[in-house]
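Work through the exercises below with the model open. Each task is followed by a solution in steps.

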Amino acid sequence: MNELILCMELIGTVAFAVSGAMTALRRQMDLLGVLILGLITAVGGGILRDLLLGITPPKIFDDPLTVCVALAASAVAFLPPVCRTLARSTLLFDRILLAADSVGLAIFTVVGEQAAFGHLPEENWFAVALLGAITGVGGGVLRDTLAGNVPYIFRKHIYALAALAGALVWLICHLLLDDTTALLLGSAVVIAIRLLAAHFRWSLPKARIPEE
């Protein structure tokens, strides 16, 4: 189980770091901006979860591997050949960003839920599910805020609801099956919902108030 969680965390770290770095590239930031935004996207959700759980300092400060992986993934996105490839096609850029963001959201939702379960009293399922969703969306919210964008959670397709759906699937599988199934199936549900929402342009109703 620990090996699976570590593997998923590293994949999620790379995915979220890439999404943060690509957002920085789109905002034409320099190398430092790309590295910082990639790192914050990768670790932001976990830091928020740990602070809410009362874990201080957050675990990331004892995890140089995750920080190094996030910085390395961000640096790769800044390489000139990669930048030129991404610049050739807006469609390619958007698809890679969607895929990276969806994978990061999915993995950190279920891994965050697994971590919350280990630190909360038994049967506090609402808090476990909510903290999992916060872990999933937290990095993206920080990324978009620092980049000067309206966060995905407020505007783009189905985002927070996908995290909550994955958290619910993790909870059901944890109660009825086993944690391995919960991690894999929960993350798969988040990815599926995000990709379907993007393809079919599913969105929650938006406010339509005329400007003055």
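**Exercise 1. Describe the second largest pocket: its volume, its lining and the helices that supply it.**

Solution. The second largest pocket holds about 360 Å³ of space. Lining it are 19 residues, and Glu-9, Arg-49, Lys-59, Asp-63 and Phe-108 are the closest to its centre. A pocket here is an open set of points on a 1 Å grid over the protein atoms alone, where a 1.4 Å probe fits, with protein on both sides within 12 Å along at least five of seven lines; lining residues have an atom within 4 Å of a point. The volume is the space filled by probe spheres set on the points, which are joined across faces, edges and corners.

Next, sort the lining by helix. At least two residues each come from α1 (2–26), α2 (31–53) and α5 (90–117), and α2 gives the most, with six. Helices are DSSP runs (H or I, at least four residues) numbered from the N terminus.

This is a predicted model, in which local features need pLDDT of at least 70 and side-chain atom pairs count only at pLDDT 80 or more, while totals for chains, interfaces and linings use all residues. Residues are numbered from 1 along each chain as its sequence is written, and side-chain values use heavy atoms, with hydrogens and water left out.

**Exercise 2. How many aromatic pairs does the structure hold, and why is the pair of Phe-16 and Phe-108 stacked?**

Solution. There are four aromatic pairs. Rings of Phe, Tyr and Trp (its six-membered ring) pair if their centres lie within 6.5 Å; planes under 30 degrees apart count as stacked, over 60 as edge-to-face and the rest as tilted. Phe-16 and Phe-108 have ring centres 5.6 Å apart and planes at 5°, so they are stacked. This pair links distant parts of the chain, with Phe-16 in α1 and Phe-108 in α5, 92 residues apart. Phe-16 is buried at 0% relative accessibility, and Phe-108 is buried at 10%.

Definitions and conventions: Buried < 20%, exposed > 50% of the residue type's maximum accessible area, 1.4 Å probe, protein only.
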